[in-house]
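User: I would like a close look at one part of this model, with the terms spelled out as they come up.

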Amino acid sequence: MFRVKQTLLFFAQLFFICAIYAVAVFVVGFFHLPIPGSVLGMLILFFLLASGIVKLSYVELAGSFLNRHLGFFFVPITVGLMDFGGLIKVSGLQIFVMIAGSTMVGLLVTGGLAHYFSKGEQNEHERHNTL
């Protein structure tokens, strides 16, 4: 009985995540927004979670499953790259430099912000301990 309940809960959560994605794709198409529907869907889900409208427990089971199997979702992309062999042969180095550079910028900005905010949190913690 427990497995049936967990399975139904998983599929309900997966349906909810897919529904948010479908709404985001519709909004992008309807308003001709210059961002992918999947990115808008992640933003919508983030704001729903951050605002407390949606509790983490509503999507946690399906989200953790999708996260565990994330590598599997890159297989179609990798196979699709085979169609662009000529482009990679001609511009592969430039593409690699752009990807590596943007990754480094993203890591540095994220790390810097995390360090900045954790330092502020540490100062706040030290201030409360001295009182």
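Which hand does the crossing of α1 and α2 have?

Analyst: The crossing of α1 and α2 is right-handed; a crossing is called right-handed if the near helix is turned clockwise from the far one by less than a right angle, and left-handed if anticlockwise. The model is a predicted one, in which local features need pLDDT of at least 70 and side-chain atom pairs count only at pLDDT 80 or more, while totals for chains, interfaces and linings use all residues. Residues are numbered from 1 along each chain as its sequence is written, and side-chain values use heavy atoms, with hydrogens and water left out.

Helix α1 covers residues 2–31 and helix α2 residues 37–51, where helices are DSSP runs of H or I with at least four residues, numbered from the N terminus. At 1.5 Å a residue, the 30 residues of α1 should span 44 Å, and the C-alpha atoms at its ends are 43 Å apart, which agrees; the expected span is 1.5 Å times one less than the number of residues.

Two packed helices are described by the angle between their axes and the distance between the axes. For α1 and α2 the angle is about 125° and the axes are 8 Å apart, the axes being lines fitted to C-alpha atoms over the stretch in contact, with angles running from 0 to 180 degrees between N-to-C directions. The two helices are therefore oblique to each other, since angles under 35 degrees count as roughly parallel, over 145 as roughly antiparallel, 65 to 115 as roughly perpendicular and the rest as oblique. On the α1 side, F16, I20, Y21, A24, V25, V27 and V28 meet G37, S38, L40, G41, I44, L45 and L48 of α2, contact meaning heavy atoms within 4.5 Å. By class, this contact has eleven nonpolar, three polar and no charged residues; Ala, Val, Leu, Ile, Met, Phe, Trp, Tyr, Cys and Pro count as nonpolar, Asp, Glu, Lys and Arg as charged, and the others, Gly among them, as polar.

G41 of helix α2 gives a local view of this packing: leaving aside residues up to four places away in sequence, G41 touches I20 and A24. G41 is buried, with a relative accessible area of 7%, where buried means under 20% relative accessible area, exposed over 50% and partly exposed in between, with a 1.4 Å probe and protein chains only.

The buried residues of α1 are F10, Q13, I17, I20, A24 and V28, and they pack against α2 and α3.

After α1 comes H32, in the loop between α1 and α2. Most residues other than glycine have a negative phi, whereas phi of H32 is positive, near 55°. At 68% relative accessibility, H32 counts as exposed.
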